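Please look over this model with me.

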Amino acid sequence: MRITSAEFVKSATRPDHYPEMDLPEIAFAGRSNVGKSTLINVLVNRKHLVKTSSTPGRTQLLNFFNINGKMMFVDLPGYGYAKVPDRVKKDWGKMIETYLSDRPTLKAVVLILDIRRTAQTEEIDFINWLIERRVPVILILTKADKLSKTQQKKQVAVNAAALNLPPETFICFSAKTRLGLDRVWAAINACVKMEEENGA
Ligand code: GDP
């Protein structure tokens, strides 16, 4: 996809701070340090649109970015940072849940997993929660460059089994080699387009 513009719109914690709902939205979720900011920057072909978090769990806001005047990327705060107190974790969860449950313009959630790990209970629960709410999920296994092709295949199989989903559901991605970049864009465009075709 050719990127003509990618601009930060605003940050929000509450619905009354969200931008107007005039564009389809794609949200990005993942554990802190998984490579979420890097993935977004590669997708939009900008080095620093999203600040990569040297301090895990630092970004605690929903950040909205206008892409080509066509869609909005919503960077959700990273989760699973052990050092954060429980109360703060709860507030994050609530903020993310509020956004995901009540945003008609949300077209899909891109969930990013480290290809070297297996999806854990929190991720499995999150994915099932999205599926129950009929929110399309795009599953990315990132940092694929850290593994051989054979190991990548094995990790796809392990995650597919853990989540009870077909292996084709997963997109192996690498910010280093750009592996999977076209597939991620195709999946995003399909979710945005599906809605247009439904007449929304
Ligand atoms: P975030 O906290 O999820 O936004 O994670 P970042 O995007 O800041 O990435 C965390 C670390 O992983 C950084 O040191 C990145 O350079 C590194 N990283 C991200 N994506 C990749 C990738 O595809 N391959 C490799 N080898 N490293 C990556």
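The points below cover the basis, the cores, a ring cluster and one leucine.

1. This is a predicted model: local features need pLDDT of at least 70, side-chain atom pairs need 80 or more, and totals for chains, interfaces and linings use all residues. Residues are numbered from 1 along each chain as its sequence is written, and side-chain values use heavy atoms, without hydrogens or water.

2. The largest nonpolar core has 35 residues. Such a core is a set of buried Ala, Val, Leu, Ile, Met, Phe, Trp, Tyr and Cys residues joined through side-chain atoms within 4.5 Å. Buried means under 20% relative accessible area, with a 1.4 Å probe and protein chains only. Leu62, Phe64 and Tyr99 are among the residues with the most contacts inside this core. A second, separate core of 30 residues includes Trp185 and Met71.

3. Ring pairs link Tyr18, Phe64 and Tyr99 into a cluster. Rings of Phe, Tyr and Trp (its six-membered ring) pair if their centres lie within 6.5 Å; planes under 30 degrees apart are stacked, over 60 edge-to-face, the rest tilted. Tyr18 and Phe64 are tilted, 5.8 Å centre to centre with 45 degrees between the planes. Phe64 and Tyr99 are edge-to-face, at 6.2 Å and 80 degrees. Phe64 has 0% relative accessibility and counts as buried; Tyr99 is also at 0%.

4. Is Leu113 buried or exposed? Leu113 is buried, with a relative accessible area of 2%. Leaving out residues up to four places away in sequence, Leu113 touches Val34, Ala119, Glu123, Ile140, Leu141, Thr142 and Asn159. Contact means heavy atoms within 4.5 Å.

Terms used
Buried < 20%, exposed > 50% of the residue type's maximum accessible area, 1.4 Å probe, protein only.
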